[in-house]
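Open the model in a viewer and keep the selection tool at hand. The stops below say what to select next and what is there.

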Amino acid sequence: MKLRGLYAITDSQLLAGKFLSYVEAALEGGVVLLQYRDKSSDEARRLREAEALRDLCERYKTQLIINDDAELAARLNVGVHLGQTDGPLTPARALLGRQAIIGSTCHAQLELAEQAAKEGASYVAFGRFFNSNTKPGAPTCSLDLLDQARSKLHLPICAIGGITLDNAAPLVAHGVDLLAVVHGLFGAESTAEVTRRARAFNELLSIK
Ligand SMILES: Cc1ncc(COP(=O)(O)OP(=O)(O)O)c(N)n1
Ligand SMILES: Cc1nc(C(=O)O)sc1CCOP(=O)(O)O
Ligand SMILES: [Mg+2]
C-alpha cells in the first residue's frame, strides 16, 4: 500500500462532544491514515474509542494507527506510531508483524530516521514545521532537512506540526508524502468543513 495523503490525528480535547462525527467527516474526505492520539491514562475509554475508530476505519478502508501504545495496536490488529521515548521499534515490529504500519518520530534528525529505517519503520515523521496549537513545545524542523531526507531515505516521509491548508504546499514541494494534521483539520467549525479540508489536503498531494 502506498503511504501518501492526509494523515489525520485525533485530539481528545479538541474533539470532545464531536469525536466520531468529526472523524467520520475526515474519513469521508479521504484520509489515508488516521491516528488515535489520546494522552490520558483512562485505559477503558482508550480501548472503547480505539475500537470505535477501528470499526469506522474498516468501513472507509482507512488504516488506523495507535499513538504510543504497541500493545493496544496489537490487540486491535492495527498500526502504531512510536516517538523516541515510546519504546523501541524492533520489538514492536515483532509484535505487530511484517504488514503492520509502524511510524517513528524523528524530530529534525536524519540519523534517527536512518536508524528507524534500519529497524523496520514504515514511515518516518519530521517536525514541527510551524507553530502548533496541539504541541507548541515540540522541537522545530526546517525544509532543508526534508531535502536531505528525500535524497537519503527510501521510505515515505511524514511532516507534522502546525500544518494548515495555507502552509502545506512547500512541504509537498520538498518531498513530503504524508501531511499529519490535528488542528488544521479538526479545528474546523463544522463536519462539512472537515470534509472539505480533508479533500483539499489530498489535492495538494495530487490525490483525488
Ligand atoms: C505522525 C506523527 N508524528 C509525530 C508524532 C509525535 O510523536 P511523539 O514524539 O511520541 O509525541 P506524542 O504524539 O506521543 O506526544 C506523532 N504522534 N505522530
Ligand atoms: C503530536 C505532534 N508531534 C509533533 C512533532 O513535531 O513531533 S507536532 C504535534 C502536534 C500536531 O498537531 P497540530 O497539527 O495541531 O500542530
Ligand atoms: Mg509518543
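Select helices H1 (residues 19-28) and H9 (residues 191-204). Their axes come within 7 Å of each other and cross at roughly 35°. Axes here are lines fitted to C-alpha atoms, for helices over the stretch in contact, and angles run from 0 to 180 degrees between N-to-C directions. Helices (H or I, at least four residues) and strands (E, at least two) are DSSP runs, numbered from the N terminus. The crossing of H1 and H9 is right-handed; that word applies if the near helix is turned clockwise from the far one by less than a right angle, and left-handed if anticlockwise.

This is a predicted model, in which local features need pLDDT of at least 70 and side-chain atom pairs count only at pLDDT 80 or more, while totals for chains, interfaces and linings use all residues. Residues are numbered from 1 along each chain as its sequence is written, chains are lettered from A and ligands numbered from 1 in the order in which they are written, and side-chain values use heavy atoms, with hydrogens and water left out.

Which residues make the contact between H1 and H9? On H1, show Ser 21, Tyr 22, Ala 25, Ala 26 and Glu 28; on H9, show Thr 191, Val 194, Thr 195, Ala 198 and Arg 199. Contact means heavy atoms within 4.5 Å. The residues of this contact divide into 5 nonpolar, 3 polar and 2 charged. Ala, Val, Leu, Ile, Met, Phe, Trp, Tyr, Cys and Pro count as nonpolar, Asp, Glu, Lys and Arg as charged, and the others, Gly among them, as polar.

Next come the aromatic pairs, of which the count is 2. Rings of Phe, Tyr and Trp (its six-membered ring) pair if their centres lie within 6.5 Å; planes under 30 degrees apart count as stacked, over 60 as edge-to-face and the rest as tilted. Select Tyr 7 and Tyr 123: this pair is edge-to-face, 5.6 Å centre to centre with 90° between the planes. Tyr 7 lies in strand S1 (residues 5-9) and Tyr 123 in strand S6 (residues 123-127), so the pair ties together parts that are 116 residues apart in sequence. Both Tyr 7 and Tyr 123 are buried (under 20% relative accessible area; exposed is over 50%, partly exposed in between; 1.4 Å probe, protein chains only).

Now select Phe 19 and Tyr 36, an edge-to-face pair at 6.2 Å centre to centre and 80° between the planes. Phe 19 is in H1 and Tyr 36 in strand S2 (residues 33-36), 17 residues apart. Phe 19 is buried at 12% relative accessibility, and Tyr 36 is buried at 1%.

Asp 68 sits in the loop between strand S3 (63-67) and helix H3 (70-76), and Asp 86 in the loop between strand S4 (79-82) and helix H4 (89-96). Asp 68 is partly exposed at 23%, as is Asp 86 at 26%.

The last stops concern the backbone. Select Gly 127 and Arg 128, joined by a cis peptide bond with omega about 0°. Then select Lys 61, which has a positive phi of about 55° although it is not a glycine; Lys 61 is exposed at 74%.
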